[in-house]
Amino acid sequence: LRNALEEAEGEGDSTTTTVTRTDRYVFNEKHSDLVTVSPDKRTAARQLPMLCFDQGIVFSDQPLHDNEVFEVCVDQMVPLWNGTVEIGVTTLNPMVINLPKTMTDLTIGTWMLSGNQVARNGTIIRRGYCQSLNSLSVGDRLGVCRADNGTLHFFINGKHQGSAASGIPQGVYAVVDIYGKCSKVSIVSPGGPPSNPSLTAPPTGGVVTGKIVGATLQEQGSIAKHKETHLMTKSSTLRIKTASQQAQQSGVRAMPSAVSDNFCPPGQHEFALGRCIICKSCGECTGYGSNCINNNQMNRTPKGLCGCGYGDAGCSKCGLCKKCAERQKANPGNVRPATASRPATATTTKCEYRERCERFVKSLNIADEYFDKTPTFNKCFCDNCHKARGDRECYSRGKPPKTYALPIGWSRFSIKVGPHAKVLKIFEEWHVAFHGTQAKYLQPIFNNGCQLLMAGDVAFGGSELNEGEGHYNDNWKPKGFDTKKIFVSPSVKYSGCSVYAKKQSFTDPVTKKTVSAQVALQVLVRPGSYEIGKTTVERAQPFDANFSDDELEWSTKERGAIVVTGLLVKIQG
């Protein structure tokens, strides 16, 4: 890099190495989904930079040649996020790997410069290596080079930062993570800006001689011995074998330090719908709190994206969730930055109601293989558990966000979903709803791949579905009403009423008491695939005070637009 390498003094033996910057490299055709690459493949930008801070990974189009520097320039930044561009190398072939959200999530064959730290396979091996990349601004440059002695070197604005790691195999690809506030980078051409304005630049494509210190970096395996409490301010944190890991292994989530302890004065918050973030006070998802599907993830960054999708996005100015804002209003001194460890789950005692529901589900003889036993996805919504978590009654989810009511009084058992769930981003973008049914129909539904059917369909085993007793049918229905649809509701108070979720008797094998049990299914519905209509069950009082009866019945003829995600059980008596 044009006299970029500085002679290191007092650091032992050094080796003179010739480095060069060429026009050899462009960006690889394989990159994260949110990245767009210019026609000449020399500029890459992360789309939706105001909504998403990750999924901005790009690679060199070919493995790096020894002693050649791959360098990029920061072209664009947004002030919304913490963290910024990262650079490194990987032995993995970009064309055959499944890309993570960030490169520090990879646990094999990858070295990255993140902040001021060097990480290998997601684990920090060197702290304070250089100035923090968070200080970079538009026009600053980052470079990476593998020397012919197998050492790895980074450059900031042409200045050599020293040896970062050793034992780097040949044939590594350069990788740039367009992360956080950095949203666009370009590959620097050989005729680009000189590394030091006071130095004379060599001809385009010229060779520069400098000294790379040959001292071998000791991989800091002793890092686990240090009782570090500082955590990376990145949502996909680098793994550090420290006290934070010990807390994680014991079931306690260690929260990262807050970015700032400045909160808006009570009553001056600006709340909006959008991508959920992590509350800067309680450390929970601003949209779904402890009910968030990502609630079991450790070390999430305050005011960083939660990653669960759309909902209440918290205060756009200070990052508080609505619940903490309400607590702040009642007691201003009771809101503090998220710095303390807290349990990974809201309750530690076993709920008797949950146990009764579990015994009922066991009596249904549904194969365990259908259920996802991840604790976070299996929750009791009885009054006691609901109050213990401090949840609201309603939340919003999907793109665009749509309100649904928590199934209070029910207990949820998570159902496995297929790979299409990830491909279609159903947990991030689809709407939550509920479908009432009867226990005797559950086995056919599960055997049918958990696919809901409509009247007239032939179910697993050859039986044809008909409208249920008391439901509209071809001979008894309002004019123009189509019964050949799948019906769901954003409120289980409607879909779980006795007309749809008929009660059945159940004798608890433990208490020997006979109770009534109901079942319903929690589903995700593709936005735009359904119609919203008025309830078709007559009742003097509204079903759910959170909704108008005119919007409680959703219907669709698109079978694939509904994915079953949970079994709900309610026991009374």
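1. Residues are numbered from 1 along each chain as its sequence is written, and side-chain values use heavy atoms, with hydrogens and water left out.

2. **Confidence.** The chain has a mean pLDDT (the predictor's confidence in each residue, from 0 to 100) of 78, with 75% of its residues at 70 or more. Over residues 1–15 the pLDDT is below 50, and this stretch has 51 contacts (heavy atoms within 4.5 Å) beyond near neighbours in sequence. Residues 339–348 also have pLDDT below 50, with 20 such contacts. Where pLDDT is low, the predicted coordinates should not be read in detail.

3. **The helix 3 pair.** Arg354 forms a salt bridge (a side-chain nitrogen of Lys or Arg within 4 Å of a carboxyl oxygen of Asp or Glu) with Glu358, the closest N and O atoms being 3.4 Å apart. Both lie in helix 3 (residues 352–363), 4 residues apart, about one turn of the helix. Helices (H or I, at least four residues) and strands (E, at least two) are DSSP runs, numbered from the N terminus. Glu358 is partly exposed, at 31%.

4. **Links across the sequence.** The whole structure holds 11 salt bridges. In one of them, Glu68 meets Arg24 at 2.8 Å between the closest N and O atoms; these two sit in separate loops, 44 residues apart. Glu68 is buried at 6%, whereas Arg24 is partly exposed at 35%. Arg141 and Glu71 form another, at 2.9 Å from N to O. Arg141 lies in strand 11 and Glu71 in strand 6, so this pair ties together parts that are 70 residues apart in sequence. Arg141 is buried at 6%, and Glu71 is buried at 2%.

5. An open sheet of 3 strands runs in the order 25-29-28 with antiparallel pairing; two strands pair if DSSP finds at least two bridges between them. Strands 25 (486–488) and 28 (531–533) are at the edges with a single partner each, so one side of each has no neighbour in the sheet. Strand 28 is joined to strand 29 (residues 553–556) by 3 bridges, and Gly533 stands opposite Glu553.

Definitions and conventions. Predicted model: local features only at pLDDT ≥ 70, side-chain atom pairs only at ≥ 80, totals over all residues. Buried < 20%, exposed > 50% of the residue type's maximum accessible area, 1.4 Å probe, protein only.
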